[in-house]
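Student: Could you walk me through this structure, one feature at a time?

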Amino acid sequence: LSQGIKCWDKDIMRYVNSNDIKLYYPLDDFLEQLPKWDGKDRVEALARRVKTDYEEWPHLFHIWMRSMVAMWQGKGQLTGNALVPLLIGRQGCGKTSFCRMLLPRALREYYNDRINFKNEHDLNLGVTSFALINLDEFDKITQRQQVVLKYLVSTSDLKYRPPYGTAYSSHRRYASFVGTTNELMPLTDPTGSRRFICVMVEGDIDFTTPVEYSQLYAQLKYEVEQRQRYFLTKEEEATLMQHNLRYQQVSGLGEMLLSLFEKPYGTP
């Protein structure tokens, strides 16, 4: 209008949303501009900032991050990133800060730690719009909401009808999940325990040392392109479920039985 061109604002919007304008995907743009990986492993060093005696933590964290990048690239995953690291530790040890620093500053806008499980529209929009969702204070998620979460981490796309829409449409899932809690036994659904990587945090997490994001994500991108595994084997799932038993809440009836019976040892 300032240049003397007669047009309506709706004409501008129609043009911007037309096929003449190429869609912009910030995650794809970030990955495409990464340099060549120099061959140095940076994922394990990042995982070891979390002080824990869980020996499998660096390996499982590596698979989770690799799966996160694979999902950003739209790789042919049937279940999406089906793992959720769950940091368990005292308040103030740096759990939330560590989760936030997993994304580079260029993608920090696509980090969310306030997902609303009570609103289906907000939940669907969050899973298809954010790169990383932190389930902060995981123990506040109810047992029913944990069942919903189990469904979300087990799918690669969601079908829902947007507000005022007249038909259902398919939307690609971008978000991976991570969680933090002070509760020592946060899991309430035994059937979904294989989705969580429960790790007890010992001491403080180092979240102040700078992260070389370009090489960190260049490594993950390279590994995905080389078709390195970004999902657990059946054996790894069974081992993880066994590990998570100590973090599983026991019902009142279960507590009563445990007070009366003891599991025998050394029996054939």
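Student: What should I know about the model before I start?

Tutor: This is a predicted model, in which local features need pLDDT of at least 70, side-chain atom pairs count only at pLDDT 80 or more, and totals for chains, interfaces and linings use all residues. Residues are numbered from 1 along each chain as its sequence is written, and side-chain values use heavy atoms, with hydrogens and water left out.

Student: How many helices and strands does the protein have?

Tutor: Helices (H or I, at least four residues) and strands (E, at least two) are DSSP runs, numbered from the N terminus. Here they come to 10 helices and seven strands. The C-alpha atoms fill a box of roughly 85 × 50 × 35 Å along the principal axes.

Student: What share of the residues is buried?

Tutor: Buried means under 20% relative accessible area, exposed over 50%, and partly exposed in between, using a 1.4 Å probe and protein chains only. Of the 268 residues in the protein, 44% are buried.

Student: What is the strand order in the open sheet?

Tutor: Strands count as paired if DSSP finds at least two bridges between them. In this open sheet of five strands, the order is β2-β3-β6-β1-β7, with parallel pairing. Its edge strands are β2 (111–112) and β7 (196–200), each of which pairs on one side only.

Student: How many bridges join β1 to β6?

Tutor: Three bridges link β1 (residues 84–88) with β6 (residues 176–181), and the two run parallel. Leu86 has Gly179 as its bridge partner in β6, while Leu87 has Thr180 there. On the β7 side, β1 pairs in the parallel sense over five bridges, and Cys198 is the β7 bridge partner of Leu86. As for β3 and β6, four bridges join these parallel strands, with Leu132 partnered by Ser176 in β6.

Student: Which way do the side chains of β6 point?

Tutor: In a regular strand the side chains alternate between the two faces of the sheet. From β6, Ser176, Val178 and Thr180 point one way and Phe177, Gly179 and Thr181 the other, and all are buried. Strand β1 is likewise covered on both faces: Val84, Leu86 and Ile88 lie on one side, Pro85 and Leu87 on the other, and all are buried.

Student: Which helix lies across β1, β3, β6 and β7?

Tutor: For an angle, axes are lines fitted to C-alpha atoms, for helices over the stretch in contact, and the angle runs from 0 to 180 degrees between N-to-C directions. Contact means heavy atoms within 4.5 Å. Helix α4 (residues 57–72) lies across β1, β3 (132–135), β6 and β7, and runs at about 140 degrees to β6.

Student: How do contacts divide by separation along the sequence?

Tutor: Among contacts with a separation of 6 or more, 77% are between residues 24 or more positions apart.

Student: What is the phi of Glu137?

Tutor: Most residues other than glycine have a negative phi. Glu137 has a positive phi, near 55 degrees, and sits in the loop between β3 and α7 (143–152). Its relative accessible area of 40% makes Glu137 partly exposed.

Student: And where is Arg227 placed?

Tutor: Arg227 is in the loop between α8 (213–225) and α9 (234–244). Its phi is positive too, about 60 degrees, although Arg227 is not a glycine. With 77% relative accessibility, Arg227 counts as exposed.
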